[in-house]
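This note concerns the aromatic contacts of the model shown below.

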Amino acid sequence: MAFNFNWSPLTADAEFYSRARDLLTKALNKSPKPPIIVDDILVDELNLGNVPPDLEILEIGDLAEDRFRGIFKMTYSGDAYLTLKTRVQANPLNTYLHSKPSFTSPKPLAAASSLTIPISITLSEIKLSAFIILVFSKQKGLTLVFRNDPLESLKVSSTFDSIQFVRDYLQRTIEQKLRDLMMNELPAIIHRLSLQLWCPDQANKPGESPADEVDEKGVDPFISPPDDPVDANGNLLDANALSELTLQGAGDAQSLFSQKNLLRLAALTDSHRTLSLFTPGIRDVVFRAWTGHGDRSEAVTPAMAPPSLSRTHSLPTGTSTTYTFSDTSSATQGYLPSRSASQINLSSTSPGRAVGTSSRSRPGRKKKTRVVNLRRNKSQIETMSEAETESETGSDTISEGPFSEPLMTSSIPEMEDEEDSLAESLASKLHFTNEEKKPAVPLNQSPLSQPPLVSVPSEQTSSIAKALENASKKLVVDSAMPKRAQTKHDSSSDSSSVILEQAWIMKMAGEIARRVYDEKNRQNNNPSGGVWEDQEAPQEAPPTYEAAIH
Amino acid sequence: MREFMDYVHSAFYEATGWNRDNSYAALNSTPDALLEFPTPRGLRLTLSSLSSPNFATSYELGSVGVVDGSISYLYSSVPLRVAIESRSERISLPSLLRAYRPLAPLTELKPKTSELTGGLDVAKSSLLYGRLYLPQSLLEALVVKRISPALQVQFSAVSGAHLRNGGTTVGLAQYDVGRYALEGLASSDGGLLGFRGVYNFGGDAEPPKVAAPAENGNHSERERIYGRFSTGGEIYYGTLNKSGGISLGARFATLPSHKGTPLSATLTVNPLMGTISANYAVVAGKHCSLATRMEFNVFSYESSWAVGTELWRKPLPRLVDDNYGVPKRSFESKLKWKLDDPEPVKTPKDGDPEEYAGVLKARMDQNLQIGVLWEGRIKSLLFSLGSGIDLRKTDKPFRTLGLEIQFSS
């Protein structure tokens with residue numbers, strides 16, 4: 001497998017720089033500026049340079065012709081530079097008085113008179129080192145999120161380089177500001193740029209257009225109110241009430257809908273409920289079913305959608321997982337990749353569950369969310385062995401089911417540990433066999449018609465069977481296991497964690513019991529079950545999807 | 001419009017014989033009142049009262065999109081009712097609204113007691129003021145205390161959740177002996193320390209023996225511009241943020257006894273920032289004052305200008321007669337075949353409070369931003385109607401528009 005990253009086409013595009021300049025200028029002037037900056041910040045020069053960044057692939061979560069999801073390690077020390085121009089207030093007393101209440105102002109006569117100085121700042125020798133989550137789809141564009149603080153160092157040169165104090169201050173302030181920009185603004189900029197580059201038709205759609213266009217449409221629905229306006233509760237509004245609403249301002253602006261549209265939407269949702277085959281047509285709407293089969297799992301993946309898009313999605317999973325990436329950025333590095341990777345799994349499978357309610361599950365769908373864990377091969381590079389092991393356990397437990405909280409994994413009582421480690425080893429083995437198998441048969445859609453697996457040695461599978469049997473025996477013997485674990489735990493830890501753990505233990509026990517039961521059933525049905533049968537078990541119930549279904 | 005509490009506050013200084021204008025901070029007050037008057041925003045209603053000689057309250061309700069308001073109380077240890085007229089239908093408009101204020105006479109030796117305070121010791125006088133803004137929950141507090149006839153201490157504080165450290169306080173000590181006045185201040189915000197002083201010479205600041213022969217001798221001496229020079233400086237230093245500021249200033253202003261055109265000219269220099277500012281205010285006519293300001297920065301070559309004016313308006317003459325021109329003869333005089341006795345011509349009484357009906361103020365600066373303010377009285381309500389206009393934005397020139405209505409009793 002090989003990737004080809006082209007750095008030059010970006011810079012070769014003549015319009016690219018002007019577009020990027022505009023977007024950057026907008027982003028810089030969006031937030032309220034400190035009082036020391038008295039003018040707009042203009043991006044004067046922008047050059048990405050000729051030296052591309054070094055990319056190291058850590059994980060690839062999803063891969064197809066038109067979409068990609070992966071985690072990279074990026075290091076950059078190129079010759080890109082950026083020149084900004086603005087005007088600053090040179091009188092410190094003036095900026096001091098700016099945000100202070102006038103009642104306690106010292107009211108200087110002329111000591112606070114302003115002196116504005118034009119300043120140009122050049123940022124160069126930028127050194128970056130970051131973990132990047134990259135999600136790309138032809139439909140939704142490119143989403144790029146930094147998991148850690150990417151900025152390592154940079155050189156700030158300005159008009160005031162001769163003054164040591166000013167230079168140090170600028171260096172400090174700009175580094176701070178740039179970190180903020182990288183973490184918060186740059187992903188949005190890149191997303192918008194990518195929309196313009198790869199899918200101009202998407203960029204112009206109202207749902208995904210930049211925020212200003214959304215604002216224009218969202219702020220004042222009274223400019224052209226619908227013919228039959230209703231409020232949020234569906235009550236009809238006459239013209240007087242409408243004018244009242246207009247006078248009251250934007251507070252109720254969102255609660256004005258067209259009655260026709262509401263009825264149509266109601267019919268649409270009802271049609272899902274009643275299993276009716278008739279779907280009412282709504283103009284200017286792209287149904288998810290119309291888009292390509294390969295794109296369907298992408299369509300609901302929230303990380304790719306711009307923030308404004310979450311409103312158009314009716315799935316609750318869309319909003320809940322939107323924040324997954326940004327949240328993980330606050331945690332430690334070594335531990336994180338596996339966690340968020342598994343969360344990617346979860347988030348991509350949960351839409352599968354949601355879709356499954358309307359269209360029955362197909363065997364081919366499950367193959368879509370496979371995990372190609374290249375990280376395992378790179379584990380030698382990792383210096384922090386402890387963090388690595390922790391991440392492994394994290395990924396294993398997550399693949400087990402919904403009890404994916406890493407905190408709980410660390411606080412499992414000893415008695416449970418045997419069961420747990422057993423189940424874990426079982427799961428990880430299942431997991432990896434699953435993984436190994438997938439690349440071997442990439443074209444085959446139905447898992448049932450797969451040829452017997454060659455790559456898994458028979459000793460391993462037989463050991464799995466043994467482990468299962470052991471587990472079942474233990475479970476039969478220790479039917480009161482949760483209780484015991486609880487009493488054991490009462491003495492050592494406080495009550496709240498006990499409750500959590502109890503719940504976890506119950507779930508765990510249920511999970512193991514169910515799995516053992518399934519296994520036994522299968523063995524009972526096929527008494528002649530050998531290697532073949534053992535391999536079937538993991539195939540039909542990959543642990544990842546159990547997590548999503550339950 | 002000048003707030004009622006500010007009006008009461010100045011009445012306190014008047015009653016205790018403190019000259020508020022003899023300070024470096026007030027060097028520019030006349031041109032500032034003509035060039036930087038605030039224009040109201042939205043609708044604002046104020047209900048104020050000097051309910052007892054020592055106690056004043058004021059309630060304010062405003063609406064700029066959202067409804068807000070404030071409650072303020074003021075307590076003065078000296079009775080204020082003799083010093084000011086608090087009822088809004090009787091307040092003299094020039095004393096409340098006039099931008100061009102003539103210089104107050106300097107008092108070398110401040111009296112220990114004032115006849116206005118009814119023989120109370122001035123040095124014991126104090127003022128307490130508090131104001132709560134709702135719904136922002138911003139609290140303002142002010143304490144003014146005279147320690148000796150020449151020394152006064154002010155302490156003001158603001159408390160608000162949005163402020164850093166929850167609020168700021170400023171302490172100000174003022175020492176005024178007429179010929180010179182010194183002030184020192186300390187602020188909790190950034191540990192700012194400040195010192196400013198003003199020195200007066202010429203005019204009434206000189207000993208009277210110089211002025212006496214001039215008055216007796218030739219009257220041509222009187223024809224010359226007769227006024228007072230004030231010069232001073234200020235210096236600030238923020239101990240925590242290591243920032244500072246300095247400025248020097250000088251002013252020449254005519255005294256009320258000057259027969260010619262009253263004028264006030266100020267020059268301020270900020271040597272650190274290189275800003276030179278010249279202000280000039282003049283009473284151009286009986287009902288009109290003008291002011292200009294020029295600013296220039298020697299480092300950045302930036303310059304700015306501003307002009308401002310105030311126009312006082314007489315009340316419209318009320319037409320008493322039914323037919324214009326020829327007055328009707330009375331029935332008696334018709335019988336006697338003669339004209340009526342000529343009636344005595346109505347002259348405005350000297351103490352007529354309705355000398356002026358209102359004032360129109362306007363200002364403009366180099367950014368073509370115009371402020372217009374019309375203040376006056378209708379019955380017993382004082383109103384202030386104003387707008388801020390930006391001529392640069394031709395599509396939406398009216399940036400602010402506001403009406404303030406004030407009633408006090």
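1. Is B:Trp312 buried or exposed? At 5% relative accessibility, B:Trp312 is buried (buried means under 20% relative accessible area, exposed over 50%, partly exposed in between, with a 1.4 Å probe and protein chains only). The model is predicted: local features need pLDDT of at least 70, side-chain atom pairs count only at pLDDT 80 or more, and totals for chains, interfaces and linings use all residues. Residues are numbered from 1 along each chain as its sequence is written, chains are lettered from A and ligands numbered from 1 in the order in which they are written, and side-chain values use heavy atoms, without hydrogens and water.

2. Over all chains, the search of the whole structure returns eleven aromatic pairs (rings of Phe, Tyr and Trp, the last by its six-membered ring, pair if their centres lie within 6.5 Å; planes under 30 degrees apart are stacked, over 60 edge-to-face and the rest tilted). In one of them, A:Phe103 and B:Tyr129 have ring centres 6.1 Å apart and planes at 40°, so this pair is tilted. The contact crosses between chains. B:Tyr129 is buried, at 11% relative accessible area.

3. The rings of B:Trp312 and B:Tyr356 are also tilted, because their planes meet at 55°, with centres 5.1 Å apart. B:Tyr356 is buried, with a relative accessible area of 8%.

4. B:Lys314 lies over the face of B:Tyr356, 5.6 Å from the ring centre (a charge sits over a ring if NZ of Lys or CZ of Arg is within 6 Å of the ring centre and within 35 degrees of the ring normal). B:Arg363 lies over the face of B:Phe37, at 4.8 Å from the ring centre.

Key
Helices (H or I, at least four residues) and strands (E, at least two) are DSSP runs, numbered from the N terminus.
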